[in-house]
Amino acid sequence: MKIAFFASQPYDRRFFDEALPSQPDSAGIELVYHSALLSQETVVLAQGADAVCVFVNDVLDAPVLEALHGYGVRAILLRCAGYNNLDLEAAKRLGLFVARVPAYSPEAVAEYTLALVQTLNRHTHRAYARVREGNFSLDGLLGATLFGKTVGIVGTGKIGLATARIFKGFGCTVLGHDPYPAPAFAQLGTMVELPQLLAESDIVSLHCPLMESTRHMISEETLPLMKKGAMLVNTSRGGLIDTGAVIEALKSRQLGSLAIDVYEQESNLFFQDRSSDIIDDDIFQRLMTFPNVLVTGHQGFFTSEALREIAAITYHNLQCFRQGKQCENSVLAG
Ligand code: NAI
């Protein structure tokens with residue numbers, strides 16, 4: 001059984017290699033690591049593989065899935081939770097096995113969300129650089145006390161709940177919005193409709209999946225509903241935000257600050273060293289000019305615990321495929 005990894009990084013190799021020997025029939029599993037993103041141009045690398053293992057920015061549209069099928073690939077192992085990059089209908093039509101890692105460490109992303117909020121709020125990133133230069137001035141580092149603030153959690157699933165718990169611990173009032181609210185949220189805060197959440201929250205944090213119905217949920221229509229000067233945080237998927245509209249809201253001071261770990265056009269940038277290149281994404285570059293914007297390159301999931309869990313669950317999914325068993329992590333159920 002040969003598995004071709006796409007978009008693989010040294011840390012993927014480390015955690016998947018480390019977990020391999022403890023898998024059943026590990027001698028029969030061969031791992032081949034490609035750093036290229038899966039796309040119509042690179043799909044040829046999957047020739048001879050039985051399965052591909054892919055991540056958030058790999059392209060799994062109909063032409064790619066058809067090409068994979070043509071090469072004899074029968075299983076798609078997503079080493080991530082979201083699967084907005086997959087053409088579900090095409091996968092079904094081709095009879096592919098597709099499974100994901102629905103939850104590895106919700107706390108890893110939730111804790112990271114708080115790291116972004118407090119970095120942006122208390123300016124620790126600027127303080128770090130200043131002190132290293134011998135500048136101990138506090139001018140420009142003024143923050144807000146989180147205790148007593150109102151935080152809106154959009155999507156109260158696994159990560160949203162874990163984030164709500166942490167904000168509650170800070171003494172914040174927590175509001176939630178979710179068409180399918182988790183019962184556990186009742187102990188943490190109040191469920192409200194999106195316009196009320198946007199109007200009352202000092203911090204709005206997005207934790208819902210990217211789907212056609214949630215694409216650009218933060219837009220020129222919804223940004224004016226937000227409390228003036230509020231902070232917007234997105235650690236979910238870039239497409240939830242219309243970045244152009246957010247830039248206008250930052251310019252007009254309607255939006256107070258922005259922290260994002262995901263970006264709509266991130267597949268051209270993230271997970272690569274582009275430091276010697278000219279980055280020809282004017283929207284991204286405009287974002288970089290704001291002192292009240294913090295951008296990181298999709299690292300919310302990036303803890304040892306989460307990577308270990310991702311490898312373990314991916315191998316479990318592979319085992320289901322090899323044994324022709326129902327898989328609880330299949331994305332094609334029903
Ligand atoms: P989950 O499936 O447990 O929760 C998502 C929640 O969003 C569900 O409760 C669902 O009902 C809700 N939802 C659906 N439509 C909504 C809408 N229109 N408005 C509000 N809520 C809505 O997913 P989980 O594990 O909490 O992950 C959330 C997202 O976080 C994933 O879809 C993924 O895109 C992202 N993620 C980001 C990572 C990173 O490294 N930055 C790592 C892992 C996940």
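Student: How much area is buried between domain 1 and domain 2, and what share of it do carbon and sulfur atoms give?
Tutor: In this predicted model, the domain assignment of the chain places residues 2-104 + 303-323 in domain 1 and residues 106-295 in domain 2. The contact between them draws 13 residues from domain 1 and 8 residues from domain 2. The area buried between the two is about 880 Å², and the share given by carbon and sulfur atoms is 58%.

Student: Which residues of domain 1 lose the most area to domain 2?
Tutor: By class, the side of domain 1 that touches domain 2 has 8 nonpolar, 5 polar and no charged residues. Together, three residues account for 43% of what that side buries, and they are Val56, Asn57 and Asn84.

Student: How many salt bridges and how many residue pairs in polar contact does the rule find across the interface of domain 1 and domain 2?
Tutor: A salt bridge, as counted here, needs a side-chain nitrogen of Lys or Arg within 4 Å of a carboxyl oxygen of Asp or Glu, and the side of domain 1 that touches domain 2 has no charged residues. Across this interface the rule accordingly gives 0 salt bridges, while the residue pairs in polar contact, both at pLDDT 80 or more, number 3.

Student: Is threonine 314 buried or exposed?
Tutor: Threonine 314 is found in helix H10, which covers residues 304-323, and, leaving aside residues up to four places away in sequence, threonine 314 touches Phe16, Cys53, Leu77, Leu78, Arg79 and Val101. The cut-off for burial is under 20% relative accessible area. Because the relative accessible area of threonine 314 is 3%, the residue is buried.

Technical notes: Residues are numbered from 1 along each chain as its sequence is written. This is a predicted model: local features need pLDDT of at least 70, side-chain atom pairs count only at pLDDT 80 or more; totals for chains, interfaces and linings use all residues. Side-chain values use heavy atoms; hydrogens and water are left out. Helices (H or I, at least four residues) and strands (E, at least two) are DSSP runs, numbered from the N terminus. Buried means under 20% relative accessible area, exposed over 50%, partly exposed in between (1.4 Å probe, protein chains only). Contact means heavy atoms within 4.5 Å. Domain bounds come from an automatic or database domain assignment. Buried area is the accessible area (1.4 Å probe) that two parts lose on being put together, summed over both. A polar contact is a pair of N or O atoms within 3.5 Å; within protein, one must be able to donate a hydrogen and the other to accept it, and residues adjacent in sequence count only if both atoms are side-chain atoms. Ala, Val, Leu, Ile, Met, Phe, Trp, Tyr, Cys and Pro count as nonpolar, Asp, Glu, Lys and Arg as charged, and the others, Gly among them, as polar.
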